[in-house]
Amino acid sequence: MSTISSKEFIEGIPKAELHLHIEGTFEPELMFEIAKRNHKQIKYSSVEELKKAYSFNNLQEFLDIYYAGANVLIKEQDFYDLTWAYLTKVHEQNVIHVEIFFDPQTHTDRGVSFDTVIKGIHNALEKGKEELGISFRLIMSFLRHLDEASAFKTLEQALPYKNWISAVGLDSSEVGNPPSKFERVFAKAREDGFITVAHAGEEGPSAYIWEALDLLKVTRIDHGNRCLDDDKLVEKLASLQIPLTLCPLSNLELKVVTDLKDHPIVKMMDKNLLVTVNSDDPAYFGGYMNENYLGIAQALHLSKQQITELAKNGFKASWLTDQEKSSIIAKIDTYFQNN
Ligand code: ADE
Ligand code: ZN
């Protein structure tokens, strides 16, 4: 019987990341480097100054800085470098499967072509599979603060790259932009063969989670914290085992919770919800996958068995094949028994 620490246990266990915005992995050092080569100005004079601005009272305060940061991404190489930096980072953390978001409208609205964005990201993901053994899926997310017409236009732009995109999602400013605003776009996306997911119940009410399920027919909810306000909804999510992609450090930094000790993840596990641990926007929220696991493990005194359950949930909730899932879950069980 081995006696490795919880930290070592977390570091070594194979993990899947299912809720990650590639634009949210833009580390200040790389941002300054890319800004310089593209002759773009950043509002802050140094990496240190920029990092000081990373203090948020809510989702919108974060989004304003996040979209400003993305403005320096212009060329295919920029999107490639951004994605490659993320993959090498999570490879060190034993992340072996990723299902990541990109926000095309953040770039196409600035005159960067859809083609430039997706080629850079996709080519880095392919290299990550070959050289680092990280399998992947790509999720195209619509910005919900923009209108339906813009989302339809984006869906149209995505069609030539359908083979590279598994799903469509919905992110950005939640309150006041309910899932119902995009019911028709999501119906068309499903007709086109895309899986659907949506951010819901991060800051918005549990009613938005119902809308995501009933109107957008999502198979996974991103965040979903507010489901706990509604017993009927919890019952539905648990009975159908609809995954929730939780993001503990994001919740802390955006004041969805005031302390990680108050994070609902254990309460949710006790209610038989299929919950997963993810990093959302790690360059902005102080940690990648291992730091998210470690944060909740320490704050909520998670056992190795609970950590194992969460790691297995990441694969169960993924879009890997059943055979791939069984194989990795068996490996995780062996890891638990040996550690
Ligand atoms: N875009 C990037 N991160 C997000 C989050 N946590 N919620 C909504 N939109 C986002
Ligand atoms: Zn998110």
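Helix α4 (residues 59-70) supplies the largest share of the shell around ligand 1, namely four residues, where helices are DSSP runs of H or I with at least four residues, numbered from the N terminus. The model is predicted, with local features requiring pLDDT of at least 70 and side-chain atom pairs pLDDT 80 or more, whereas totals for chains, interfaces and linings use all residues. Side-chain values rest on heavy atoms without hydrogens or water, residues are numbered from 1 along each chain as its sequence is written, and chains are lettered from A and ligands numbered from 1 in the order in which they are written.

The residues around ligand 1, among them His21, Leu59, Asp171, His199 and Asp280, have a heavy atom within 4 Å of the ligand. Nitrogen atoms of ligand 1 lie 2.7 Å from a side-chain N or O atom of Glu202, 2.7 Å from a polar side-chain atom of Asp281 and 3.4 Å from one of His223, a polar contact being a pair of N or O atoms within 3.5 Å. Taken alone, ligand 1 exposes 260 Å², of which the protein buries 100%, with areas from the Shrake-Rupley method and a 1.4 Å probe.

Ligand 1 takes up the space of the largest cavity, a molecule being placed there if more than half of its atoms lie within 2 Å of the grid points. A cavity is a set of points on a 1 Å grid over the protein atoms alone where a 1.4 Å probe fits but cannot get out, with lining residues having an atom within 4 Å of a point. The largest cavity holds about 100 Å³, a volume being the space filled by probe spheres set on the points, and is lined by 14 residues, with α4 contributing the most, five residues.

Note on methods. A polar contact is a pair of N or O atoms within 3.5 Å; within protein, one must be able to donate a hydrogen and the other to accept it, and residues adjacent in sequence count only if both atoms are side-chain atoms. On a 1 Å grid over the protein atoms alone, a cavity is a set of points where a 1.4 Å probe fits but cannot get out, and a pocket is an open set with protein on both sides within 12 Å along at least five of seven lines; lining residues have an atom within 4 Å of a point. Helices (H or I, at least four residues) and strands (E, at least two) are DSSP runs, numbered from the N terminus.
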